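My entries follow the structure.

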Amino acid sequence: MKEKKIKSKFRISSIVAILICAFHLIPFYIMIGVAMKSPFDTSSRWMLPGYLYLDNFKEAIRYGKILGSILSNIIITGGSIIGITIIGALAAYPLARNQTRLNKGMRTFMLGMMMVPALSLLVPLYSLMGKIGGISTYWGIILILITFSLPTSIFLYTNFVISIPTALDEAAAIDGCPRLKIFFLIILPQLKPVTASVVIMTGVSCWNDYMFSLYFLQSPQLKTVTLSVASFFTQTQSNMGAAAAGALLGIIPIVTLYLCLQKYFIKGMVDSAIK
């Protein structure tokens with residue numbers, strides 16, 4: 001009876017997992033179908049075309065400037081990830097090792113900042129960035145993305161560092177190792193799993209950013225992937241095929257990043273949340 005129950009639960013779990021995967025893959029299936037179809041093809045979007053139509057990709061590259069947008073995304077996302085991981089790890093170490101009231105209050109404040117809608121700060125943020133010359137610059141949008149992603153980064157890093165035994169720090173301190181050297185030589189090498197989680201979570205958020213890019217990147221030369229895809233939709237017309245082709249090209253780098261770091265992702269998330 002127990003074996004039958006176990007098999008029954010396994011089958012149910014497998015069916016649920018397949019349904020969830022199918023639900024998430026449906027948008028990609030439709031996107032690929034639309035990207036491969038001619039604009040004169042009126043067949044259902046649920047049906048893949050029986051031919052190969054590549055003009056949508058040519059239009060996305062030629063008129064949508066999608067390759068230049070991907071380069072802008074790589075610069076912005078890469079710079080943001082570097083800042084988010086370095087600052088987040090350095091800030092999390094003292095918060096995790098010194099369990100004072102002030103540090104506990106700071107950790108609570110970080111959680112509270114994760115709940116604040118970014119749109120509510122758009123007007124004063126735009127005014128500030130205008131005064132310091134950060135509009136339509138790479139460093140300006142990178143600074144903004146780092147600021148809004150740091151609470152998540154610090155939260156994950158802090159929970160992970162707490163799980164690392166303090167005896168390692170004490171042994172190194174007895175040998176005369178300064179605090180900063182302890183962090184870089186002992187703590188930092190153990191942060192690979194949570195770093196992969198931070199890179200994937202914040203990297204996807206920065207790569208898919210639309211709101212900040214729309215307001216703070218007004219120069220056409222700095223247009224990101226989301227802005228390029230949106231440019232195919234106007235009040236008078238829309239080009240679904242070119243937009244789908246541009247979106248398909250735009251997700252390739254971030255999907256590649258995930259595939260390279262996926263083995264660390266779940267481990268880092270579990271360790272940060274539970275330990």
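Is Phe212 buried or exposed? I found Phe212 buried, at 4% relative accessibility, where buried means under 20% relative accessible area, exposed over 50% and partly exposed in between, with a 1.4 Å probe and protein chains only. I note that this is a predicted model, in which local features need pLDDT of at least 70 and side-chain atom pairs count only at pLDDT 80 or more, while totals for chains, interfaces and linings use all residues. Residues are numbered from 1 along each chain as its sequence is written, and side-chain values use heavy atoms, with hydrogens and water left out.

I then turned to the rings of Phe, Tyr and Trp (its six-membered ring), which pair if their centres lie within 6.5 Å, and whose planes count as stacked under 30 degrees apart, as edge-to-face over 60 and as tilted for the rest. By this rule I count five aromatic pairs. Phe148 sits in helix 6 (residues 138-162) and Phe212 in helix 10 (residues 211-216), so their pair ties together parts 64 residues apart in sequence; helices here are DSSP runs (H or I, at least four residues), numbered from the N terminus. Phe148 is partly exposed, with a relative accessible area of 28%. Ring pairs also link Tyr126, Phe148, Phe212 and Phe216 into a cluster.

Phe183 and Phe184 make an edge-to-face pair, 5.1 Å centre to centre and with 80° between the planes. Of these, Phe183 is buried at 2% relative accessible area, whereas Phe184 is partly exposed at 41%.

Technical notes:
Helices (H or I, at least four residues) and strands (E, at least two) are DSSP runs, numbered from the N terminus.
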